[in-house]
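The sequence and structure are shown first.

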Amino acid sequence: MNRTRGILIGRMQPVHNGHMQVIKKILDEVDEIIIGIGSAQLSHEAKDPFTAGERLVMMSQALAEEGIDSSKYYIIPMQDINFNAVWVSHVKMLTPPFSIVYSGNSLVKQLFSEEGFEVRQPPLYDRLHLSGTEVRRRILEDENWQELVPKATADVINEINGIERIKNLSIKEISDI
Ligand code: NAD
């Protein structure tokens, strides 16, 4: 029997509760989900502080915390390429075959629909607070960021001294201006 596969690609800087809610919703609709860790080449920048490997651990442990069976997902880091027109082929080269694309990102939606994929816009959960930008802002301002992320993300950030990293990166980027 053919299994329906959907794909969700995000920078996940870091993995937060919005990503987890949307993944659970997608798994109500498809048999398997491909989770693309986007911009895998980026790390140690204020907007992209975490490596692809760190984000992968956040995601795999968060999925385990949710009790999601590992036969239902693939987590695949994907580097950006300079050419939007061939990005979909690049993604297809890295992943198992899929038929449905889930995204709230307008460029991602545009590129996949032009290639004939069914694109679905998943619901946004508390977007005001559940965004990587807000998590990073709260870390910088010593506010409660832990409530926005799975325990796994908080554990990884603590393990790698991620708070110090984000604060140092912000000081560096200001002093570089
Ligand atoms: P993101 O982490 O901001 O979001 C990923 C997805 O998670 C969103 O589409 C949305 O569906 C979901 N999401 C996020 N917050 C949510 C919330 N509160 N509630 C529900 N769902 C939520 O990442 P992004 O910026 O959309 O990632 C796109 C990736 O694709 C980037 O890495 C980008 O560089 C890459 N990309 C690369 C190329 C290229 O290389 N040429 C072209 C297009 C896109």
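## Ligand site

The side chain of His 19 places an N or O atom 3.1 Å from an oxygen atom of the ligand, a polar contact (a pair of N or O atoms within 3.5 Å; within protein, one must be able to donate a hydrogen and the other to accept it, and residues adjacent in sequence count only if both atoms are side-chain atoms). Backbone atoms also take part: a polar backbone atom of Tyr 125 is 2.8 Å from a nitrogen atom of the ligand, and a backbone N or O atom of Leu 130 lies 2.9 Å from a ligand nitrogen. Of the 850 Å² of accessible area that the ligand has on its own, the protein covers 89% (Shrake-Rupley method, 1.4 Å probe; for residues, only the protein chains shown count as cover).

There are 27 residues around the ligand, of which Ser 39, Ile 81, Asn 84, Tyr 125 and Arg 127 come nearest; a residue is near a molecule if one of its heavy atoms lies within 4 Å of it. The elements β1, α1 and α4 (106-114) each contribute at least two residues to this shell, where helices (H or I, at least four residues) and strands (E, at least two) are DSSP runs numbered from the N terminus.

## Basis of the model

The model is predicted: local features need pLDDT of at least 70 and side-chain atom pairs count only at pLDDT 80 or more, whereas totals for chains, interfaces and linings use all residues. Residues are numbered from 1 along each chain as its sequence is written, and side-chain values use heavy atoms, with hydrogens and water left out.

## Salt bridges

The structure holds 14 salt bridges, each a side-chain nitrogen of Lys or Arg within 4 Å of a carboxyl oxygen of Asp or Glu. One of them joins Arg 5 to Glu 32, with the closest N and O atoms 2.7 Å apart. Because Arg 5 lies in strand β1 and Glu 32 in strand β2 (residues 32-37), this pair ties together parts that are 27 residues apart in sequence. Arg 5 is buried at 17% relative accessibility, and Glu 32 is buried at 5%; buried means under 20% relative accessible area, exposed over 50%, and partly exposed in between (1.4 Å probe, protein chains only).

Glu 29 pairs with Arg 120 at 2.8 Å between the closest N and O atoms. Glu 29 belongs to helix α1 and Arg 120 to strand β5 (residues 118-120), so this bridge ties together parts 91 residues apart in sequence. In helix α6, Lys 151 and Asp 155 lie four residues apart, about one turn of the helix, and their side chains meet in a salt bridge of 2.8 Å, N to O. Lys 151 is exposed at 55%, while Asp 155 is partly exposed at 31%. A network of salt bridges links Glu 134, Arg 137, Arg 138, Glu 143 and Glu 147.

## Backbone geometry

Most residues other than glycine have a negative phi, and most peptide bonds are trans. The peptide bond from Gln 13 to Pro 14, however, is cis, with omega near 0 degrees. Pro 14 is found in the loop between β1 (5-10) and α1 (17-29). Met 12 lies in the loop between β1 and α1 and has a positive phi of about 50 degrees although it is not a glycine; Met 12 is buried, at 2% relative accessibility.

A positive phi, near 55 degrees, also occurs at Asn 161. Asn 161 is located in the loop between α6 (151-159) and α7 (162-176) and is partly exposed, with a relative accessible area of 48%.
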